[in-house]
Amino acid sequence: LLFILVTFSRSFSAQESKESPVADASNIIAQVNLFSQRTNTIIADFTQVKEMSFLEEKVTSSGKFYFAKENSLHWEYTSPFSYAIILNGDRIRIVDEGKVKDFDAGSNRMFLEISNVMTGMVNGTLLTGNQFSSEWIEAGGYFKAKLTPQQAALKDYIDHIELKLNKSDYSVDELKMFEKSGDYTHILFTNKKLNEEIPAAIFRID
């Protein structure tokens with residue numbers, strides 16, 4: 001569960017001094033909703049950096065990300081290991097070095113919450129629902145939201161999430177998730193392609 005949770009992100013530090021608070025984020029959220037409405041699929045490369053208190057060095061991995069409406073996600077790690085997480089509706093499949101495990105998210109509240117968070121980050125529902133409270137700042141090329149969980153099921157694991165949105169199209173450029181333990185995961189999305197056809201087999205859970 002924790003591994004799935006932390007797989008939820010350019011540099012946060014480069015423009016920190018130029019950031020300023022956003023008094024009214026309603027227009028940003030409206031633009032995110034518009035982006036969500038007109039985006040049926042997303043394909044992107046990602047790089048993930050994970051910092052854990054019990055390791056001296058950060059763990060870096062990379063792979064491919066796929067999203068399709070309404071509720072389909074595929075995170076495929078290709079370096080330094082082979083690992084995939086597939087969400088299709090209320091079903092979850094984990095493929096670890098060729099070994100497959102399937103779960104029914106609907107029968108387990110925590111799996112369901114994880115599924116909702118992961119898809120909500122992409123389709124914008126995290127910004128409009130009641131799962132998180134939000135604080136906004138902006139800089140030259142981006143908006144950044146700090147999302148704090150409001151529901152007990154998530155508070156046990158997540159301290160807060162930071163989403164960095166590209167001002168040009170309101171898609172997610174970066175995601176940074178901070179756990180209660182102090183560990184964090186930072187994901188950078190690159191080479192994003194919107195509304196390109198994705199083979200059904202990418203999301204298939206037989």
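Author: pLDDT is the predictor's confidence in each residue, from 0 to 100. This is a predicted model, in which local features need pLDDT of at least 70 and side-chain atom pairs count only at pLDDT 80 or more, while totals for chains, interfaces and linings use all residues. Residues are numbered from 1 along each chain as its sequence is written, and side-chain values use heavy atoms, with hydrogens and water left out.

Reader: What is the mean pLDDT of the protein chain?

Author: On that scale the mean is 81, and 82% of the residues reach 70 or more. Over residues 1-17, however, the pLDDT is below 50. Where pLDDT is low, the predicted coordinates should not be read in detail.

Reader: Why is glutamate 97 called exposed?

Author: A residue is buried under 20% relative accessible area, exposed over 50%, and partly exposed in between (1.4 Å probe, protein chains only). Glutamate 97 has 54% relative accessibility, and therefore counts as exposed. Its place is in the loop between strand S6 (91-96) and strand S7 (99-104), strands being DSSP runs (E, at least two residues) numbered from the N terminus.

Reader: What makes the phi of glutamate 97 worth a remark?

Author: Phi of glutamate 97 is positive, about 50 degrees, although this residue is not a glycine. Most residues other than glycine have a negative phi, and most peptide bonds are trans.

Reader: How do you know whether asparagine 191 is buried or exposed?

Author: Asparagine 191 has 54% relative accessibility, so it counts as exposed. Asparagine 191 lies in strand S12 (residues 184-194), and its phi is also positive, near 50 degrees.

Definitions and conventions. Contact = heavy atoms within 4.5 Å. Helix = DSSP H or I, 4+ residues; strand = E, 2+ residues; numbered from the N terminus.
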